[in-house]
Structure formats: structure tokens, C-alpha cells
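Colleague: Before I plan around this protein, could we go through the model together, beginning with the overall fold and ending at single residues?

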Amino acid sequence: MQQLNQNTLADCLTTATRTANVTSYSYDRDNLQAGIVHFGVGNFHRCHQAVYVDKLLSQGSKNWGIVGVSMRSSHLRDQLAPQDFLYTEVTLNKDRFGESTRLRLIGSLLNVLVAPENSTAVIRQVADGKIKLVTTTITEKGYCLSSGCIDKKHPDFLADSASLDSPRTIYGYIAAAAIQRCKQNGPPLSILCCDNIQSGGEHLQTGVRMLLQQHDKETMDWAKKQMSFASSMVDRVAPATEDSLKQLVRKTLELDDAWPVSAEPFSQWVIEDNFAGERPAFDNVGAQFTDDISLFEQMKLRFLNAGHSIISVLGYLEGHPTIHQALEQASILDFVQRALLKNVLPVATIPVNVKGEDYIADVTKRFTNSALPYNVQQVNTDSSQKIQQRWFPTIDDALAKSSTQAADTTLMSFMVAAWVLYIQKALNAGELNDPLHDQFIAAQLTIQRQEPHRQDEGLVHQFLLIAGAGRFRFLNSAAFMSTVLSNYQTLKNTDISTALVQLLSRLSLQQKEVPHA
Ligand code: CS2
């Protein structure tokens, strides 16, 4: 079988489009110019932003091609280079690989650079005056945060503070490129965060400015006028690529695609309207610009991502491999819906025009899509970085309001306990994928040695501290923490299924009793 590339695609399209749900970019790729450098060319980027850009290019804007940068491995470049960086985006609906499956050939990715192989090429690329926009999906840990702020003592940030010759962080790359761009008297540059983090644009601005302050004050002045830093809310569920997906593409196109990507039909992109230079017309291809991004970020993190992490932790403890399989267990479905409705919604501020109940219903429905085998361990990856954005602010907001009105934390306190147990079990099974893995091990050992009489309490406290709970007030709330502890002990001593069912029936009973109270 031939491999997908520009030549083989041209031959295949005539037959494939006749027989299946296949569409392809129709622009002349040889006449495109790169206008975007994207850091973190994972599956998410390839089925989200790259698709929006593909549509933009299809509308005739020729200057917004993407050069991807892999921050660590050369894997993606090695897979995609032989196929001229073309790949297939597969939209999966309920009838996995059935009639409603759609294939789209994406042409917007023009090249992929591998940062550790040639950092100079990456810096030169971002400094190139034709580049107008830098975007990022480098995951939470890529921002080197600690307690919600950039950790100046993070080894990578320290290295970039000492020298920008071969940067290690996103801040270092952007700062080094800004210095070159300033020297070349280059045009303005917009930076846009596309990760699931709150205020990502602000973090990027802070980190880049800290490094410029240190390395080149002249560029610092230039950057204040010529660079913008914005955040965005990105949303599309995109599982890891499996062999079965490659086979589907192979069968349909009669070509081999080494790294296709699949995703659900839903896609959303809300972008903070803050661009230093030219703004790509993403609003013509389904995205939305807004002046107030924080409400959108908050809604996505506190409902969708929070829900995802609830299901993935409970799913792991119950032995379910994927999100939709976990939701087939009635108690997990009931739990996540109640948690979002009763613990999150009452204290969340959501954008006008969005109805919280509807958003929750839509999100849960999307998660039940059995065509998307989204692994629970994919969501649990880096959970120490995720729950401090997804769960902790909700708990604090509820505690802050609890004196004035009924804000409930029952389900969230259960989840915090379940997460501690998850870390412990995943650690012991050698299945914990977390940047703070070693800190969890060290904490566990210290507690076993030093605090044998209050092990559970010590463990819960230490694990939460490692996950950044130190800056949240719930850690100092004796009432909240004692509920977490008793939940943890129940979970440890009972099986999770029983603990879940018991909690849910207690809550149902309380609900029935309320009208008579
Ligand atoms: C997920 C997200 O893996 C995770 O942590 O919660 O990647 C989620 O699938 C996306 O944010 C959906 O837009």
C-alpha cells in the first residue's frame, strides 16, 4: 500500500470521495506561507486548531500555514515528514467507523521542527517576520507553575534564566525569538495560549517578560508595544490514535497514514480578542472572539474538565478502561451529574447566554459517546496539575459562600479523597504518570517512617499539598478536611462501588426529606 503524501493523495481522491465520506483541502499547498508557529503538535492540536486553520486556508487566506514545534520527541515529525505533513482527521460519531464517520485530509501543517534537535531553527522560525501568531498546547506542566505562579526555581526556568542559547521552556523560546525579532526590527507578534489552563496568556506574558528583563531590556520595551498575549478556551475530545483508526483510514483511502487523528463531532474555540498584529479570521470558520475569556475558561475547566477528571478517577478505581465505559456504571454517571449540578453550578459564574444545566447535560452526553475510546489514564495523566484548576477553586468558592448560603461540597470532598486513593493505587501499580511522581513516593515514605500513628491524615494532607492545595483555603478548613479524611478511610476500608452507592442513596434520601424540613 502506498503512503499518503501530496502526490498519492491527488490520485486517490477521485475514487475515495466517490465511495466514502471523505473531503480534502482544495488549496495549493505549494503556494502557502507559514504565519503560525505552534508549540505542542499533539493529537489535540491536529484535530482542533489545525482544522480551523485548514478551513481558513480553504477560504483563500494563504498566509496562515502552520509550522509545528515538538518540544520533546521527534516521533510526530518522523511519522508525518514522509507524507508531506498531511494527515487524516476522522470525526467519529456514535456508530464508530459507521456511516456517519467523516474523513478530512488536513493540509494546514506545513512542517514540524523538533526543539531539542535544533533550537536555533525554532528560534529563527518564530523570529521570522512572516510569522504573526504563536500558539501553544504544551499541557499544564509545560508552564512550569507552582501554586498557580511560574516557579522561578523550576530547573528548566532556571536554565533559561541563565542562558537563552538553547531554551528549555516555552518562555525561553518566545523570549529568545523576541530578542531576534526586535533586533531585526520585525513586525508585531501575537501569542495565544490554547491549553486547558486559566489565564494561560497571562502566564506566557509573565514568563517571557521575566526572561526579557533578565536578558535584554531593549527587547522588553519593544515587546511591551509589539507583542500581545492572549488566552483561549479550546474544546474537542480527541483520543489517542489506535491501530484500528489507521486501518479505517487505510481501507477508506487505500493509502497508509502513519498518524491519523480522531475526534468527536463537537468542536469549540473561544479566543480572547487581543492581537498585536493581523488577526486571522477564525470567526469565519466557527471560532468566536471575546473580550472576556475568563468566564469561558472557567466554565470549561470547572464543568467539562472537572467532570472528566471525576469520571477518570472513579473509573480507574472501579477498573474501567475508558470514559464512556465508566459512565455505563449508573453510580458514576449519577455521581458526576450530581457533582456538577449540586457542587459546581451553584458557585460557578458562567457566560451569559449559556444555561448551566444545558451545558452539563451536553458535556455528559458527549462523554458517553462510545465511538471515542478515551482512556481514563489519559485524563489521569498529570492529575496533580489538573485538579488544582478543575476542582480546587470550586471547593474554595463553596466554602467561602457556605456561611451565607447553602453551598455544598459533599461530592467534591468525596472526590478529593478518591483522588488521594487513586494516587496511592496508581503509584503502587506503577501506573502513575505525573511530573510530581517522585514527590508522591517521597511523601509516602516519610509518612510511613515519621507519622505511623496518623498515616491517613498525613498522607491526605501531603498529597494535597503536592498537588498545589497550599494556596487554597479548604486545606485549612478543619471541617472540610475531616470529611475528606473520613471519606478516604471509608474508601480504603469499603470497596469503591459500595461507597459510591451508599453516598448517593444518602444524598437521595436527604433530597426527599428537604421539602418536609
Ligand atoms: C481531558 C482533556 O485529558 C484530559 O485531561 O480532560 O484533554 C479534554 O478531553 C479536552 O479538554 C476536551 O476539550
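Predicted model: local features only at pLDDT ≥ 70, side-chain atom pairs only at ≥ 80, totals over all residues.

Colleague: What percentage of the residues in the protein is buried?

Modeller: The chain is arranged in 22 helices and 14 strands. Buried here means a relative accessible area under 20%, and of the 517 residues in the protein the buried ones make up 57%.

Colleague: Which element gives the most residues to the shell around the ligand?

Modeller: At least two residues of the shell come from each of β11 (227-235), α11 (294-318), α15 (376-380) and α16 (383-390). The residues of this shell divide into four nonpolar, four polar and five charged. The element that gives the most, with four residues, is α11.

Colleague: Which residue has a side-chain N or O atom 2.8 Å from an oxygen atom of the ligand, and what share of the ligand's exposed area does the protein bury?

Modeller: Around the ligand there are 13 residues, of which Asn196, Asp235, Lys300, His308 and Lys386 come nearest. His308 places a polar side-chain atom 2.8 Å from a ligand oxygen, while for Tyr374 the corresponding distance is 2.9 Å. An N or O atom in the side chain of Lys386 is likewise 2.8 Å from an oxygen atom of the ligand. Taken alone the ligand exposes 340 Å², and the share of this that the protein buries is 92%.

Colleague: Is Asp382 buried or exposed?

Modeller: Asp382 sits in the loop between α15 and α16, and its phi is near 60°, a positive value in a residue other than glycine. Since the relative accessibility of Asp382 is 3%, which falls under the 20% limit, this residue counts as buried.

Colleague: How does Phe97 count, given its relative accessible area of 27%?

Modeller: Phe97 belongs to the loop between β4 (87-91) and β5 (102-106), and it too is a residue other than glycine with a positive phi, near 60°. Its relative accessible area of 27% lies between the limits of 20% and 50%, so Phe97 counts as partly exposed.

Colleague: How far apart in space are Ile150 and His203, C-alpha to C-alpha?

Modeller: Ile150 lies in strand β9, residues 149-150, and with a relative accessible area of 12% it is buried. Although Ile150 and His203 are 53 residues apart in sequence, their C-alpha to C-alpha distance is 7.2 Å.

Terms used
Residues numbered from 1 in each chain as written. Heavy atoms only, no water. Near = heavy atom within 4 Å. Polar contact = N/O pair within 3.5 Å; in protein donor to acceptor, adjacent residues only side chain to side chain. Areas by Shrake-Rupley, 256 points an atom, 1.4 Å probe, with all protein chains shown as cover. Nonpolar A, V, L, I, M, F, W, Y, C, P; charged D, E, K, R; others polar. Buried < 20%, exposed > 50% of the residue type's maximum accessible area, 1.4 Å probe, protein only.
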